[in-house]
Amino acid sequence: MNDRENLYTRLIEYSKSMAYPFHMPGHKRHKLSMMDPYRFDLTEIDGFDNLHDAEGILKQEEERAADLYGSSETHMMINGSTGGILAAIAGVTKRGSRVLVARNCHTSVYHGIELNGLRPVYIWPEMDPSLGIYRGLSRREVEEKLDQYPDICAVFLTSPTYEGVLSDVRGICEAVHARGIPCVIDEAHGAHLRWIGFDDAVSCGADVVIQSLHKTMPALTQTALMHVNGSLVDREKIRRMLSIYQTSSPSYILMASVSLCLTWLEEWGREEFDLYSKRIQSLRQRLTHMKHLYLYKPQDAFDWGKFVIGTVGSSMSGRELYDRLRDVYGLQMEMVSSEYVLAMTTVGDTEEGFERLAQALEAIDAEICEKKKCLITENICIPERQMEIDEAVNMPADMILLSQAEGRILGDYLYLYPPGIPLLVPGEVLQVNQIKQIQYFVNCGLDVHGGYVKENGNVKVILHHG
């Protein structure tokens with residue numbers, strides 16, 4: 001091989017550095033490391049079953065996962081939670097039907113809406129004005145929408161959120177089931193919840209629950225689980241959709257990682273999560289003494305393993321804190337927003353890593369000063385919808401300057417990644433407040449993805465309508 005840098009050599013170089021990962025995946029580049037993957041990168045040969053028609057060793061693994069999570073039926077996934085979400089949406093709906101969707105869902109939910117021609121009714125969670133973070137949803141909020149739209153056939157929610165905020169999943173499921181329809185929970189960030197003392201969506205009665213093992217558990221990227229419960233969903237249809245939205249050549253390396261993670265949970269999970277919980281609480285207590293930076297603590301129940309570090313009221317922006325932690329202290333955060341950074345901790349973190357984070361935040365906090373800041377993210381500006389998503393994405397489009405796009409219909413998604421929650425979706429009208437918000441994010445050094453071109457400030461809008 002030549003000496004020119006490529007992805008492989010860059011990954012090797014990075015792995016040898018002192019960079020510490022306060023980001024996904026949950027194994028943090030060391031926990032449950034496997035042997036040389038080439039030794040067991042194989043296909044569906046005799047004795048190793050078939051993920052799309054599991055009846056041997058893979059079926060045993062899925063049954064083991066179901067036992068661990070208290071689920072009636074569990075499916076192993078190697079296309080991440082995205083594949084599971086797409087399969088779940090297609091599996092519990094009919095084309096063109098009306099669905100209730102939390103507006104803070106991941107883009108994969110919107111893609112499922114698009115692919116199946118669904119008609120979404122959006123439920124907007126309240127926003128915490130301090131950092132512009134969505135709060136959890138209540139049973140009452142969901143019931144009001146279900147009363148308003150009695151033809152809703154399914155409900156899709158995200159809990160916990162990217163920042164760790166939990167909704168009243170149990171109460172919501174009870175309200176949804178009273179109307180005889182299923183509730184699907186994107187619990188991509190919650191595969192660990194039951195191991196740290198929370199009721200997860202399976203125990204709360206959700207019909208379909210999608211969890212990313214790789215986000216908060218020691219498993220490789222793209223590994224996930226789908227749990228199916230109750231009698232309100234067509235399980236055979238969901239199985240069929242899983243075969244459509246997952247590769248026909250599933251990686252045995254990834255499936256082996258799921259197996260290894262399940263074994264670890266059975267043998268060491270309780271003990272190691274207890275230790276993790278004690279370390280986290282100690283670290284959170286230590287960081288309460290910061291004067292300018294602070295740890296966000298929402299009013300709702302939340303996953304305290306998500307460290308949302310706010311900069312509001314200080315002389316430092318979220319982007320500045322993110323860059324300083326990375327460039328000076330070698331700490332790579334999971335996410336940056338205009339007014340905070342997110343450090344994602346898992347059971348894979350080390351005592352040394354926690355100490356490095358604490359020392360870095362304490363040092364930065366001592367250097368900065370107080371400064372009043374004005375947020376523009378305090379209020380939710382509910383967009384006007386002119387077209388359905390599946391219609392809008394197929395219309396002729398043009399690229400024009402964002403600054404000149406007021407009143408135009410969006411032809412693509414606009415979202416920050418991470419977390420991948422759309423600011424606007426195709427078919428919605430660009431309004432002044434939303435244009436200002438997007439410009440604000442760009443000026444803060446955040447990356448707007450989808451139908452926005454960073455190089456020239458253009459946005460994708462529908463060419464003609466009406």
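**The largest cavity and other sites**

Modeller: The volume of the largest cavity is about 50 Å³. The model is a predicted one. At a threshold of 30 Å³ or more, the structure holds one cavity. Rolling a probe the size of a water molecule over the atoms is what shows where empty space is left.

The lining of the largest cavity consists of Ile-85, Ile-89, Cys-105, Val-109, Phe-156, Leu-157, Val-184, Ile-185, Asp-186 and Ile-210. By class, nine of these lining residues are nonpolar, none is polar and one is charged.

Strand S8 gives the largest share, three residues.

Asn-104 is a separate site, in the loop between strand S3 (98-102) and helix H4 (107-115). Because its relative accessibility is 5%, and buried means under 20%, Asn-104 counts as buried. Leaving out residues up to four places away in sequence, Asn-104 touches Tyr-110, Pro-125, Tyr-134, Thr-158, Thr-161 and Ile-421.

Glu-370 lies in another loop, the one between helix H11 (351-367) and helix H12 (389-392). Glu-370 counts as exposed because its relative accessibility is 68%, and the cut-off for exposed is over 50%. Apart from neighbours within four places in sequence, Glu-370 is in contact with His-292, Gly-313 and Ser-314.

Three strands form an open sheet in the order S16-S21-S20, and the pairing is antiparallel. Strand S16 (397-401) and strand S20 (452-453) are at the edges and have a single partner strand each, so one side of each has no neighbour in the sheet. Strand S20 and strand S21 (residues 458-462) run antiparallel and are joined by two bridges. Val-453 has Asn-458 in S21 as its bridge partner.

Definitions and conventions. Residues numbered from 1 in each chain as written. Predicted model: local features only at pLDDT ≥ 70, side-chain atom pairs only at ≥ 80, totals over all residues. Heavy atoms only, no water. Helix = DSSP H or I, 4+ residues; strand = E, 2+ residues; numbered from the N terminus. Buried < 20%, exposed > 50% of the residue type's maximum accessible area, 1.4 Å probe, protein only. Contact = heavy atoms within 4.5 Å. Pairing = 2+ DSSP bridges. 1 Å grid on protein atoms, 1.4 Å probe; cavity = no way out; pocket = protein on both sides within 12 Å on 5 of 7 lines; lining within 4 Å. Points joined across faces, edges and corners; volume = space filled by probe spheres on them. Nonpolar A, V, L, I, M, F, W, Y, C, P; charged D, E, K, R; others polar.
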